[in-house]
Amino acid sequence: MIHDILLAIPWAFLLAISIGPGFFMILETSITKGVRAAITFNIGVIIADIIFISIAYISSYQLLENLSNLPGLYVFGGSILSVYGLIILV
């Protein structure tokens, strides 16, 4: 699990910095308020991402434990994704 997280970190930083509202806010902040304010804003974005990833991991930990005990959750999750895909397709 730790190995997967370490492999995903560079991709996460690349996607978070290159695409998204945070990137444009960093550009706007650096132009209007300077480099120090932009670096501070960037550190805040990184801390917020770490907090959200931690909350998602802790919240999904119990679900991951139950997947081995309840194989019906695979069918339930697959049906939800299928319905979502059909709605997007239509």
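Reader: Buried means under 20% relative accessible area, exposed over 50% and partly exposed in between (1.4 Å probe, protein chains only). What share of the 90 residues of the protein counts as buried?
Author: 2% of the 90 residues. This is a predicted model, where local features need pLDDT of at least 70 and side-chain atom pairs count only at pLDDT 80 or more, while totals for chains, interfaces and linings use all residues. Residues are numbered from 1 along each chain as its sequence is written, and side-chain values use heavy atoms, with hydrogens and water left out.

Reader: OK. How many helices and strands are there?
Author: Four helices and zero strands. Helices (H or I, at least four residues) and strands (E, at least two) are DSSP runs, numbered from the N terminus. The order from the N terminus is α-α-α-α.

Reader: What about the overall dimensions? What is the radius of gyration?
Author: The protein has 19 Å, whereas a compact globule of 90 residues would have a value near 12 Å. The radius is taken over C-alpha atoms, and the globule rule is 2.2 Å times the number of residues to the power 0.38. The C-alpha trace spans about 55 × 35 × 20 Å along its principal axes.

Reader: Now the helices. How do α2 and α3 cross?
Author: Helix α2 covers residues 21-33 and helix α3 covers residues 35-69. Their axes come within 7 Å and cross at roughly 155 degrees. Axes are lines fitted to C-alpha atoms, for helices over the stretch in contact, and angles run from 0 to 180 degrees between N-to-C directions.

Reader: Are α2 and α3 roughly parallel or roughly antiparallel?
Author: Roughly antiparallel. Angles over 145 degrees count that way; under 35 is roughly parallel, 65 to 115 roughly perpendicular, and the rest oblique.

Reader: Left-handed or right-handed crossing?
Author: Right-handed, as α2 passes α3. A crossing is right-handed if the near helix is turned clockwise from the far one by less than a right angle, left-handed if anticlockwise.

Reader: Which residues make that contact?
Author: From α2: Gly 22, Met 25, Ile 26, Thr 29, Ser 30 and Lys 33. From α3: Val 35, Ala 37, Ala 38, Phe 41 and Asn 42. Contact means heavy atoms within 4.5 Å.

Reader: And by class, what is in the contact of α2 with α3?
Author: Six nonpolar, four polar and one charged residues. Ala, Val, Leu, Ile, Met, Phe, Trp, Tyr, Cys and Pro count as nonpolar, Asp, Glu, Lys and Arg as charged, and the others, Gly among them, as polar.

Reader: Let's zoom in. Why does Thr 29 count as buried?
Author: Because Thr 29 has 9% relative accessibility. Thr 29 sits in helix α2. Leaving aside neighbours within four places in sequence, Thr 29 is in contact with Gly 34, Ala 37 and Ala 38.

Reader: And Ser 30, what does it touch?
Author: Val 35 and Ala 38, not counting residues up to four places away in sequence. Ser 30 is also in helix α2. At 28% relative accessibility, Ser 30 counts as partly exposed.

Reader: New topic. Is Trp 11 buried or exposed?
Author: Exposed, at 56% relative accessibility. Trp 11 lies in helix α1, residues 2-18. Its C-alpha atom is separated by 31 Å from that of Pro 71, 60 residues apart along the chain.

Reader: Last one. Where is Asn 69?
Author: In helix α3. Asn 69 is exposed, with a relative accessible area of 57%. The C-alpha atoms of Asn 69 and Phe 23 are separated by 42 Å.
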